[in-house]
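Subject: Handing over a structure

Hello,

I am passing a structure on to you, and my notes follow below it. Please have a look at it first and then read on.

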Amino acid sequence: MNDSYNGQIVKGCPAYEDVRQPSMDGFDLEKYQGKWYEQKFHDWTQFKEVYDTTLDIKLTSDKKGWVDDFGVAGPAPDSAKLSWDKSPVANGAHYFMFGRVDENDPPGILREKGFGVEFPNYIVDVKKDPQTGEYTEAIQFQCLERGGVRVFEGINFMSRNPIMTDEEMRAMHQRAKNAGMYPYGASEDQMHTVARRGVEDPKIDNNWQQMWHAIGVDKLLELLAESIEDGGR
């Protein structure tokens, strides 16, 4: 991926210092734990047809590793209007990703496993609640290169709330632009908005969901998620 951006060729991956924003000063990884709602992403490995994507991040007891409970449902209602509520994962499924905290890295870098290799997950920017100091929004950036050639790039816009206003989203794009991330896919036309059902919408319960439950698909998904989580510890 040696992309052309505004007439210039952008090669390889940037260093963390090149994209890290001043909001990361004094970053506290423990405060970063907990549930995040993915609002937008740029990632060719992630299906665009899914919805209600969440990330629940938890540090291991020794603070040297982390577990990311990746929650997703699909397909999204707008992408499969006639069949979305018949899917065995219409009410969601969980997958686990794992990583470690390298004491040699500056705060804000998490080491992540994927594609059979380990690569850095940059926390580029956080927005803080002015009263509590808790993190309310975050921008993540993953990049992998081989021989100076970028082979993967991933960007996540996340918030603690399931819904963001247009104004909040524009501000997040501006922060990503300030971080120099537009050449890597952070512009509005290069990112996909995660679909969401209404916050108060009830769990899907129809004949299809009852059938999946009767044959044990939900239990199978739970066992699969547990085995993946146990195997990553």
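Before the rest, a word on the source. This is a predicted model, in which local features need pLDDT of at least 70 and side-chain atom pairs count only at pLDDT 80 or more, while totals for chains, interfaces and linings use all residues. Residues are numbered from 1 along each chain as its sequence is written, and side-chain values use heavy atoms, with hydrogens and water left out.

Salt bridges

Side chains of opposite charge can pair when their charged atoms come close. With a salt bridge taken as a side-chain nitrogen of Lys or Arg within 4 Å of a carboxyl oxygen of Asp or Glu, the structure holds twelve of them. One of these joins Glu118 to Arg100, at 2.7 Å from N to O. Glu118 lies in strand S8 and Arg100 in strand S6 (residues 93-100), so this pair ties together parts that are 18 residues apart in sequence. Helices (H or I, at least four residues) and strands (E, at least two) are DSSP runs, numbered from the N terminus. Arg100 is partly exposed, with 33% relative accessibility. A network of salt bridges links Arg100, Asp102 and Glu118.

Asp78 pairs with Lys81, their closest N and O atoms being 3.6 Å apart, and both Asp78 and Lys81 are exposed. Lys86 pairs with Asp85 at 3.7 Å between the closest N and O atoms. Lys86 counts as partly exposed at 29% relative accessibility, and Asp85 is partly exposed too, at 23%.

Aromatic pairs

A pair of aromatic rings is described by the distance of the centres and the angle of the planes. Rings of Phe, Tyr and Trp (its six-membered ring) pair if their centres lie within 6.5 Å; planes under 30 degrees apart count as stacked, over 60 as edge-to-face and the rest as tilted. By this rule there are ten aromatic pairs. In one of them, the ring centres of Tyr16 and Tyr122 are 5.0 Å apart and the planes stand at 55°, so the pair is tilted. Since Tyr16 lies in helix H1 (residues 16-19) and Tyr122 in strand S8, the pair ties together parts that are 106 residues apart in sequence. Tyr16 and Tyr122 are buried. Tyr32 and Trp36 form another tilted pair, with 5.2 Å centre to centre and 40° between the planes; both of these residues are buried as well. One aromatic cluster is formed by Tyr16, Tyr122, Phe141 and Tyr184.

Two buried polar residues

Asn121 is found in strand S8 (residues 117-128). Asn121 counts as buried because its relative accessible area is 2%. Its side chain makes a polar contact of 3.3 Å with the side chain of Glu112. A polar contact is a pair of N or O atoms within 3.5 Å; within protein, one must be able to donate a hydrogen and the other to accept it, and residues adjacent in sequence count only if both atoms are side-chain atoms.

Arg150 is in strand S10 (residues 149-159) and is buried, with a relative accessible area of 0%. A polar atom of the Arg150 side chain lies 2.8 Å from the backbone oxygen of Gly12. The side chains of Arg150 and Glu153 are joined by a polar contact of 2.6 Å.

Backbone details

Gly74 and Pro75 are joined by a cis peptide bond, with omega about -5°. Pro75 is in the loop between strand S5 (65-73) and S6. Asp52, although not a glycine, has a positive phi of about 55°; this residue is found in strand S4 (residues 51-59). Lys63, also a residue other than glycine, has a positive phi near 65° and is placed in the loop between S4 and S5.

Enjoy exploring it!

Best wishes

Definitions and conventions. Buried means under 20% relative accessible area, exposed over 50%, partly exposed in between (1.4 Å probe, protein chains only).
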